[in-house]
Amino acid sequence: MTLRRSLGQQWSKSILAHRLALTLRSSDKVQQLFGGATSLATVTNTISALVFAEGEPVWLPPMDSSEQTALEQELALHCLFAASRLLFVKEIEQGELGQSEHLVLTISYQWSQSLINPSAGSQNNAAPLDDDAKQLCQLLQTINTQLEKVRSEKRQSSRNMGGHG
């Protein structure tokens, strides 16, 4: 039983990663972030793994393998928020993130910006956001602001410690 659930979850993760890639590919701002060694597939697999890190999320509809379409923007937003929340805690507690994890945070912030201000992104046909989605966007903005503050303080303290010589 546990093996079957585990395999089912792996399957759901891969479908989610694929559909999330289809969604994110539609954003010019997100596409511009991929010039380095990390691919969109690596990042969406990271997001998918984080979404399932605490088990099957209640807000995620069942992933059907026949479904080959992009995720709705609000479902993508949920995924990005779930991943960002865990990465926020990881960076605060451990201080270091990998390249794909940093990209997850950057993409999440860009995505929330483009949903709040559609003219800034490429989702021009986007439907108006409901209150939950607006709140998730604001929380992603807060995560970004807090991490910038923490990173800035870290740089400042490392400069102060290493600056005498």
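The model is predicted, and local features need pLDDT of at least 70, side-chain atom pairs count only at pLDDT 80 or more, and totals for chains, interfaces and linings use all residues. Residues are numbered from 1 along each chain as its sequence is written, and side-chain values use heavy atoms, with hydrogens and water left out.

**Overall make-up**

The chain has six helices and zero strands, where helices (H or I, at least four residues) and strands (E, at least two) are DSSP runs numbered from the N terminus. Read from the N terminus, the order of elements is α-α-α-α-α-α. Of the 165 residues, 39% count as buried, a term that stands for under 20% relative accessible area, with exposed meaning over 50% and partly exposed in between (1.4 Å probe, protein chains only). Among contacts (heavy atoms within 4.5 Å) in the chain with a separation of 6 or more, 75% are between residues 24 or more positions apart.

Two packed helices are described by the angle between their axes and the distance between the axes. Here the axes are lines fitted to C-alpha atoms, for helices over the stretch in contact, and angles run from 0 to 180 degrees between N-to-C directions.

| Helix pair | Angle between axes | Axis distance |
|---|---|---|
| Helix 4 (residues 73-94) and helix 5 (residues 99-116) | roughly 135° | within 9 Å |
| Helix 5 and helix 6 (residues 131-162) | about 135° | 9 Å |
| Helix 4 and helix 6 | about 25° | 10 Å |

Angles under 35 degrees count as roughly parallel, over 145 as roughly antiparallel, 65 to 115 as roughly perpendicular and the rest as oblique. With axes crossing at roughly 135°, helix 4 is therefore oblique to helix 5. Helix 4 passes helix 5 in a left-handed crossing, meaning that the near helix is turned anticlockwise from the far one by less than a right angle, whereas clockwise would be right-handed. On the helix 4 side the contact includes Leu77, Leu80, Ala83 and Leu87, which meet residues of helix 5 including Val104, Leu105, Ile107 and Trp111. The residues of this contact of helix 4 with helix 5 divide into 10 nonpolar, four polar and three charged; Ala, Val, Leu, Ile, Met, Phe, Trp, Tyr, Cys and Pro count as nonpolar, Asp, Glu, Lys and Arg as charged, and the others, Gly among them, as polar.

Helix 5 and helix 6 pack at about 135°, which means that helix 5 is oblique to helix 6. Helix 5 passes helix 6 in a left-handed crossing. Among the residues in contact are His102, Leu105 and Tyr109 of helix 5, and Cys137, Leu140 and Arg151 of helix 6. By class, the contact of helix 5 with helix 6 has eight nonpolar, six polar and one charged.

Helix 4 and helix 6, at about 25°, are therefore roughly parallel to each other, and helix 4 passes helix 6 in a left-handed crossing. Residues of helix 4 including Phe81, Phe88 and Ile92 meet residues of helix 6 including Leu136, Ile143 and Val150. This contact of helix 4 with helix 6 has 13 nonpolar, three polar and five charged residues.

**Individual residues**

Cys79 counts as buried because its relative accessibility is 0%, and Cys137 counts as buried at 0% relative accessibility. The count of disulfides is zero, a disulfide being a pair of cysteine sulfur atoms within 2.5 Å.

Gln110 lies in helix 5 and counts as partly exposed because its relative accessibility is 22%. Not counting residues up to four places away in sequence, Gln110 touches Lys29 and Leu33, and its C-alpha atom is separated by 7.0 Å from that of Val30, 80 residues apart along the chain.
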